[in-house]
Amino acid sequence: MKKRRYLTFQITIIICVLAAGAILVCWLLNSIFLEKYYVMQKKADMVEGFELISDASGENMLESDEFEIVFDNICANGNISSLVISADGKVIRSSSADDSQLRQEMLQTIWSSNLEEVIQTGENYQLVSTTDFRLGSEYLVLVGSLENGEMIIMRTALESIRESADLSNRLLLMVGLVMIAVSLLVGSYMARRVTRPIVQLTNISRKMVDLNFEAKYVHGAWKRDPDLRFGYLLRQRRESGRTDEEQVAGNEIDILGDHMNRLSETLERTISELKAANINLQKDIEKKTQIDEMRKEFLSNVSHELKTPLALIQGYAEGLEECINDDPESRDFYCDVIIDETGKMNRMVKKLFTLNQLEFGNDQVVMERFDVTELISGVANASRILMEKQGISLEMENLPTVYVWGDEFKLEEVVTNFLSNAINHCEGEKVIRISYALTEEQLRVSVFNTGKPIPEEDIDQIWDKFYKVDKARTREYGGSGIGLSIVKAIMDSHGQKCGVINREDGVEFWMELSTK
C-alpha cells in the first residue's frame, strides 16, 4: 500500500509540476515578449491604416461616405486616434466627434513631447515613440503626408498596451493557480487508476517469487465487474482468433497483465513437470541403486550357495582320485555325495533361471480356466510319500471343485513351493491343512502347517531371493531360499496377491486367484 501511495504521489507531483511549468513558461513569455509583440502589432496596424488612408486620398475618396466606414474601422479596431488635416489647417477626417479637441490634443502631443526614438521611417511617414510630459504618457505617433498633400497624424497610447499585458499576466496567474489545483485532483485520480493495476502486478510477481501461482491479474479491477477474471475473458477472446492487442481492448498494462497470467500458468506447469520429472528421476535412481544392491547381493548369495556344494564335490572327487578309501562302499558313498550336491546345484540354477524369466517378463503367462482342486490334489499326492515318511498328516477338508483363471503350470509351481515349505517346517502335531475362502470373484487358497512362527522382523523379507530365516535348517533339507521368490514373481505376473500369516500353532501361506 505504501508503495502504491508513493507511486501515486510521484505521478501526481509530476503532473502538477508539468502544469505549473507550462503556466510559468507562458507567464515568462507574456512578461518578456507580449508587450513587444503588442507594440509591433500596433505599428503594423498604424502603417497599414496610413497606407489605406493615403490610397483613398489619392483617389479623392477621403471625404466620401463609403470611406468613412473604412476610416472608422481603422481607428476603432486598432484603438488609434487619427486626424487628417488639409494644407490650410482644416480637419478633413477625425476619429473623434470633437474635431477641434482632437486637433488640439494631437498638436500638443507633437509640440510638448520629447522625441525618444524614431521607430520606422517610410516614404511619406515617420513613426516615432514620444513621451507626453504634460500627461505623463507614452505614445506611438505616426506623422505622414498623404498623396494629395494633406497631413495625417495617428496616435495610440503605449500605456494601454502595458495595462493589457499586465492584465493578461494576472489572468494567466489566476488561471494557472486554478489549473494547478485541478491538476492535483485530476493527477491524483489518474495516478491511482494507473498505479492500482501496477501494484496488482507487483503483488502477483511477489507471489510468483514464492512459487505461488494462484493469484491472477484481474482486468479492470477498479471498474464495475471486479470479480471477472482476466484469464477467463482472454480465453474467450483467444478462441475468436484475435491477436494479443485485439484481445485486450484496454491498454498496455492489461496486455502486460495477460502476459503475467500466461507466464504464471507456464511457470506453474513447467515447475510441475520438473517436479514430476525429478520424482521419476529419483525413483529411477533409487531403482538403479536397488538393482545394483540386488545384483551385488545376488552375486554374493550365488557365490555362497555354490561354494559349499562345489567344495564338497571337489573334496570327494579328489578323494576318489587319490583312492583314499578303495573299497566299493566308500566309492559309492563318495559318488552319491557328488551326485547329490550336483543335483542341488542343478535345481538351484533351474530355479534361478525360472525366477529370472519371471522377473524380466520373458516368460509369458498363459491364462486358462482350470480346476484348481484337481491341481492341488495332484501336487499333494506327489508329496504324500514324503509326508508319511516324516509322520505328517494332510487335511484337505473335502475341498470343492473350483475353477479359476491363470497359468496352470506356473500356479502348480506355487502350490508345490507352498507345500514343500510346509513339509520342511512342519513340527509339533505335524499337521498340514489346505483350505479355501471363496467369494464372488476371488478364491483364497491357504496352506497351513503346525510349527514355529516366523519372526515378525523376517516376514517381509522371506520373499527376497536367498533369504533364509533358519539357515542351518534350510541347508539341512537342501533349500536355496529361492522358492518363495518364485512364488511372489508368479503371483505378480498374474496380478494377484500372496502372503503369510502367523497363527497360534503354526504358519499359514496364502494366495488369491480370480474365478471370473
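Start by selecting Lys-430, which counts as partly exposed because its relative accessibility is 31%, the classes being buried under 20% relative accessible area, exposed over 50% and partly exposed in between, with a 1.4 Å probe and protein chains only. Before moving on, note that this is a predicted model, in which local features need pLDDT of at least 70 and side-chain atom pairs count only at pLDDT 80 or more, while totals for chains, interfaces and linings use all residues. Residues are numbered from 1 along each chain as its sequence is written, and side-chain values use heavy atoms, with hydrogens and water left out.

Lys-430 lies in the loop between helix H10 (408-425) and strand S10 (431-438), where helices (H or I, at least four residues) and strands (E, at least two) are DSSP runs numbered from the N terminus. Most residues other than glycine have a negative phi.

Next, select Ser-446 in strand S11 (residues 442-450), which counts as buried at 5% relative accessibility. Leaving aside neighbours within four places in sequence, Ser-446 is in contact (heavy atoms within 4.5 Å) with Arg-433, Ile-434, Ser-435, Glu-508, Phe-509 and Trp-510.

Now go to Asn-60, in the loop between helix H1 (2-58) and H2, where phi is near 60 degrees, again a positive value in a residue other than glycine. Asn-60 is exposed, with a relative accessible area of 69%.

From there, select helix H2 (residues 65-77), whose 13 residues reach 19 Å from the first C-alpha to the last, close to the 18 Å expected at 1.5 Å a residue, a span taken as 1.5 Å times one less than the number of residues. Which residues of H2 are buried? They are Phe-67, Phe-71, Ile-74 and Cys-75, and they cover an arc of only 90 degrees around the axis, which puts them on the same side of H2; the arc is that of the directions from the helix axis to the C-beta atoms. On the other side of H2, the exposed residues are Asp-65, Glu-66, Ile-69, Ala-76 and Asn-77. Just after H2, Asn-79 takes a positive phi of about 55 degrees.
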